[in-house]
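Please open the structure in your viewer and keep the selection panel at hand. The tour below moves from one selection to the next and says what is found at each stop.

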Amino acid sequence: MTLIVKEILAKTILSKSKIYPYVVNPYTGCQHGCSYCYVRFMKRVTGHTEPWGEFVDVKVNAAELLRQEITKKKRERVWVSGVCDPYQPLEEKYRLTRQCLEILARNTWPVIIQTRSPLVLRDIDILREARDFEVGFSVTTADDTIRKLFEPGAPPINDRIQALDELHKAGIRTYAMVAPVLPGAEGLAALLKGKVDYVLIDRMNYHYADQVYRKYGLEDKRADDYFFRIQQEFTDL
Ligand code: SF4
């Protein structure tokens with residue numbers, strides 16, 4: 001797969017969000033390229049013609065902008081991130097997420113991090129010191145074979161669960177985003193038990209990955225009874 005990386009100067013970084021008061025997206029595009037990703041609308045918004053997962057714009061001035069913008073806005077929770085994974089592989093080199101978190105922590109802004117990557121552990125020093133930070137992992141199945149079908153570019157499921165465990169043991173508030181529930185999610189509740197403070201669960205609500213379900217004969221795992229069975233496992237814990 002080709003990856004087209006472009007370094008850009010963003011106009012703004014601390015944006016209003018419908019989910020949390022603010023969102024910071026240090027990157028446009030996401031190397032994880034999940035088959036069901038609903039934020040692929042960013043392609044249209046940003047004028048990209050490459051397939052989703054094959055382009056990333058790196059906002060190299062993210063930290064500089066954030067430093068200025070937090071002085072002008074009211075302190076409220078910031079979601080890192082909404083339309084990209086803030087710990088996609090390029091973050092190892094660019095460290096933009098780390099720089100933004102440092103600024104938010106230093107200024108005591110509350111933060112909710114959402115990722116699929118154990119690279120977040122690199123920044124555990126910031127997470128430990130921050131006053132009101134929490135870290136969530138999207139964990140959509142317990143079966144890594146299924147993960148490879150739907151999220152081929154994202155880290156293995158076990159690595160995410162181990163990272164949650166490590167963060168939780170370090171005293172950092174953690175959550176699991178089990179959304180969308182993918183096939184093979186049986187037993188996931190038990191794997192997450194004791195590693196998260198709370199779980200958010202939701203079904204597959206969009207159709208981008210329909211061809212993956214069809215190709216592998218997994219359509220029954222989109223049915224209500226499958227979702228309710230998985231949901232019940234979390235309720236029973
Ligand atoms: S990690 Fe999130 S933003 Fe990235 S492709 Fe997957 S669903 Fe989309």
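Two strands are taken to pair if DSSP finds at least two bridges between them. Helices (H or I, at least four residues) and strands (E, at least two) are themselves DSSP runs, numbered from the N terminus. This is a predicted model, in which local features need pLDDT of at least 70 and side-chain atom pairs count only at pLDDT 80 or more, while totals for chains, interfaces and linings use all residues. Residues are numbered from 1 along each chain as its sequence is written.

**The sheet**

Begin with the open sheet of seven strands, whose order is β2-β3-β6-β7-β8-β9-β10 and whose pairing is mixed. Its edge strands, each of which pairs on one side only, are β2 (14-16) and β10 (198-201). Between neighbouring strands of this sheet the average turn is 25°, direction ignored, where axes are lines fitted to C-alpha atoms, for helices over the stretch in contact, and angles run from 0 to 180 degrees between N-to-C directions.

Then move to β8 (residues 133-138) and β9 (residues 173-178), a parallel pair held over five bridges, in which Glu 134 has Arg 173 of β9 as its bridge partner. β9 also runs parallel to β10, to which four bridges join it, and there Ala 176 stands opposite Val 199 of β10.

**The core**

Which residues of the largest nonpolar core touch the most other members? Among its 63 residues they are Val 24, Val 78, Val 111 and Ala 176. A nonpolar core here is a set of buried Ala, Val, Leu, Ile, Met, Phe, Trp, Tyr and Cys residues joined through C-beta atoms within 7 Å. A residue is buried if 20 or more other C-beta atoms lie within 10 Å of its own, exposed if 12 or fewer, and partly exposed in between, with C-beta atoms placed from the backbone. Select Val 78 and its contacts (C-beta atoms, placed from the backbone, within 7 Å): residues up to four places away in sequence aside, Val 78 touches Tyr 20, Tyr 22, Val 23, Val 24, Leu 104, Trp 109 and Val 111.

**Backbone stops in the loops**

A cis peptide bond, with omega about 15°, joins Val 80 and Ser 81, and Ser 81 lies in the loop between β6 (78-80) and α3 (90-94). A cis bond also runs from Ala 179 to Pro 180, with omega near 0°; Pro 180 belongs to the loop between β9 and α8 (188-192).

Arg 95, in the loop between α3 and α4 (96-106), has a phi near 55°, a positive value in a residue other than glycine. Arg 95 counts as partly exposed because it has 16 C-beta neighbours inside 10 Å. For Thr 108, in the loop between α4 and β7 (111-115), phi is likewise positive and near 55°, and with 10 C-beta neighbours inside 10 Å this residue counts as exposed.

Conventions: Two residues are in contact if their C-beta atoms, placed from the backbone, lie within 7 Å.
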